[in-house]
Amino acid sequence: MENFTNDFIALLQYLLPGFIAAWVFYSFTSFPKPSQFERVVQALIFTIFVQALVYIIKKVYLLMSTKWATVVWNTNSEVIWSISSAILLGILFSYFANNDKIHKKLRDWKITRETSYPSEWFGAFLQNVTYVVLHLDGERRLYGWIKEWPSEPEKGHFVLVQASWLEDDNQLPITGVDSIMVDAKEVKMVEFMEKSWEVENG
């Protein structure tokens with residue numbers, strides 16, 4: 001039993017950098033958190049990247065130690081660099097997941113047709129920073145600038161500023177209100193308006 005406990009603790013210590021990297025990634029992106037099994041698999045994948053990075057750093061340390069006696073690689077160094085590498089990799093993966101740069105290159109090379117975004121919904125709002133019209137229940141229409149939007153179409157809320165109700169061709173501003181929050185479940189359709197103000201200012 002004691003051997004099993006020691007092996008389990010050693011396994012957790014080995015996977016810890018991978019879990020840290022995954023935690024950072026899901027903290028900085030809108031991807032839904034996977035099941036427990038998938039999290040372990042992702043932690044294993046991140047751990048491989050972390051171990052490879054730490055291996056390179058260790059080689060650099062050992063090379064430097066031949067010239068400078070003060071440069072020493074020990075257990076503490078390995079722990080510090082493992083955690084630092086995990087955080088760095090989590091941030092790096094988050095950066096590329098949020099800007100679609102890698103997938104854009106892969107689409108240009110005809111390797112994939114996918115984006116790095118968690119869904120078409122998320123990508124549409126990220127790429128169309130403009131005024132919108134929210135079509136609500138009861139054929140109501142709400143116009144405004146989106147300050148925040150839900151990562152998924154069935155959960156969360158929209159936050160609109162400069163909001164107005166639309167009735168036929170008339171725009172009725174909502175006065176005395178800084179912002180308005182709308183439940184995503186009430187929204188049937190979203191229209192992204194043309195960026196006419198950019199043309200006017202240009």
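Visitor: How do you know that both faces of E1 are covered?

Guide: By taking one side at a time. On one side sit Tyr131, Val133 and His135, on the other Val132, Leu134 and Leu136, and all of them are buried. Keep in mind that this is a predicted model.

Visitor: Why are E1 and E2 called paired?

Guide: Pairing takes at least two bridges, and E1 is joined to E2 by 5, with the strands running antiparallel. Look at Val132 for an example: its bridge partner in E2 is Gly144. E1 and E2 also make a hairpin with 4 residues between them, and Gly138 in that turn has a positive phi of about 75°.

Visitor: Let's go to the rings. Why is the pair of Tyr117 and Phe122 called tilted?

Guide: Two checks. The centres are 6.1 Å apart, and the planes make an angle of 55°. A pair needs centres within 6.5 Å, and tilted is what's left once you take out stacked, under 30 degrees, and edge-to-face, over 60. At 55° the angle falls in that remainder, so the pair is tilted.

Visitor: Are those two residues buried or exposed?

Guide: Tyr117 has a relative accessible area of 10%, so it is buried. Phe122 comes in at 8%, so it is buried as well.

Visitor: What makes Phe125 and Trp149 a stacked pair, then?

Guide: Their ring centres are 5.8 Å apart and their planes sit at 15°. The stacked label asks for under 30 degrees, so this pair gets it. The pair also links distant parts of the chain: Phe125 is in helix H5 (residues 120–127), while Trp149 is in the loop between strand E2 (141–148) and strand E3 (157–167), 24 residues apart.

Visitor: Why is Ser77 called buried?

Guide: Its relative accessibility is 11%, and the limit is under 20%, so Ser77 counts as buried. Ser77 is in helix H3. Ser77 and Tyr131 are 54 residues apart in sequence and 51 Å apart in space, C-alpha to C-alpha.

Visitor: What makes the phi of Asp100 worth a mention?

Guide: Most residues other than glycine have a negative phi. Asp100 is not a glycine, yet its phi is positive, about 65°. Asp100 lies in the loop between H3 and helix H4 (101–108), and at 4% relative accessibility it counts as buried.

Visitor: And where is Lys110, and is it buried or exposed?

Guide: Lys110 is in the loop between H4 and H5. Its relative accessible area is 73%, and exposed means over 50%, so Lys110 is exposed. Lys110 also has a positive phi of about 65° without being a glycine.

Visitor: One more: which residues have the most contacts inside the largest nonpolar core?

Guide: Phe25, Phe46, Val50 and Ala86, in a core of 14 residues. Helices H1 (2–28), H2 (36–65) and H3 (75–99) each supply at least two residues of this core, and H1 gives the largest share, 6 residues. A second, separate core has 13 residues, including Val132 and Leu136.

Key:
Residues numbered from 1 in each chain as written. Predicted model: local features only at pLDDT ≥ 70, side-chain atom pairs only at ≥ 80, totals over all residues. Heavy atoms only, no water. Core = buried A, V, L, I, M, F, W, Y, C linked by side-chain atoms within 4.5 Å. Buried < 20%, exposed > 50% of the residue type's maximum accessible area, 1.4 Å probe, protein only. Phe/Tyr/Trp six-rings, centres within 6.5 Å; stacked < 30°, edge-to-face > 60°.
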